[in-house]
Amino acid sequence: MTKPLSDASSRVGSGLRIGVLALQGDFREHIHAVEAAGATGVGIRRPAELDDIDGLIIPGGESTTIDKLSRIFELRDPLQKRIADGLPVYGSCAGMILLADEIADPATDLAGNPQQTFGGLDITVRRNAFGRQRESFETDLDFKGLDFSAGESGVDPVHAVFIRGPWVERVGPNVQVLAQVDPDHASHTATLHGVARIVAVRSGQLLATSFHPEVTGEKRVHELFIRMIRGEA
Ligand SMILES: NC(=O)CC[C@H](N)C(=O)O
């Protein structure tokens, strides 16, 4: 007899320690989401805490602030080294921006220096691309790579919440597009001008979404990340 899906998915993370960068932003929600998938969620604030984790999540928040704090907490260099060494990392929203190799419209500090990212993902992102806070929106997305969650009618769409999220304007040759906002179906079409926009990507062990699965109770994006860590996706 096959086990119900919910049983299988609730254990998928068991035995794994997943760090969540806990400098600013909605890291608590991500810790909750990884624990819901059966993994241990660990807030990361010190360089040494990066040593014994199986994967890392960079949460939503404010990418300029997380960048600044990562320097103050001396996390930036060890984090970049771990990413380069192949640590699986999932970035949502500000986390996507921080994983991107390039920002189309970086913020600048008072001295005119553009904000920096950790990098690793061969993409160009545009910040706040869908508009301001009051233009935050929700939509359903077809999301590739979630076949493990298929029921009789296939894979259910992912209900995605966008809060001043970025979109991806360029993907490198090794980057797989997992989801796009479709101008024909999105409830929010004003900023799309008829063009589908990329909002979820994967490259090797790096995963990024423009939206926030951790705030809707959507577990499958975290489960996909856990399967990537396990080498099962
Ligand atoms: N919800 C979010 O993470 C917003 C990201 C934010 N606009 C930034 O540029 O960092």
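Reader: Where is Asn128 found?

Author: Happy to start there. This is a predicted model, and in it Asn128 sits in the loop between strand S6 (121-126) and strand S7 (137-141).

Reader: What is the phi of Asn128?

Author: Asn128 has a positive phi of about 50°, although it is not a glycine. Arg164 also has a positive phi of about 50°, and it is not a glycine either.

Reader: And where does Arg164 lie?

Author: Look at the loop between strand S8 (158-162) and strand S9 (167-171), and you will find Arg164 there.

Reader: How do I read burial here: is Asn128 buried or partly exposed?

Author: The idea is to count the other C-beta atoms within 10 Å: 20 or more makes a residue buried, 12 or fewer makes it exposed, and in between it is partly exposed. Asn128 has 16 such atoms, so it is partly exposed. Arg164 is partly exposed too, because its count is 19.

Reader: Which residues does UniProt list for "binding site"?

Author: The unreviewed UniProt entry gives Gly61, Glu62, Ser63, Arg127, Ile163 and Arg164 under that heading. They span 104 residues in sequence, but no two of their C-alpha atoms are more than 13.0 Å apart, so they gather at one spot.

Reader: Let me pick Gly61 from that list. Where is Gly61 found, and is Gly61 buried or exposed?

Author: Gly61 is in the loop between strand S3 (55-58) and helix H3 (63-72). With 21 other C-beta atoms within 10 Å, Gly61 is buried, because the cut-off for that class is 20 or more.

Reader: What about Glu62: is Glu62 buried or partly exposed?

Author: Glu62 has its place in the loop between S3 and H3. Its count is 16 C-beta neighbours inside 10 Å, so Glu62 is partly exposed.

Definitions and conventions
Residues numbered from 1 in each chain as written. Predicted model: local features only at pLDDT ≥ 70, side-chain atom pairs only at ≥ 80, totals over all residues. Helix = DSSP H or I, 4+ residues; strand = E, 2+ residues; numbered from the N terminus. UniProt positions renumbered as here; feature names shortened; annotations may be inferred.
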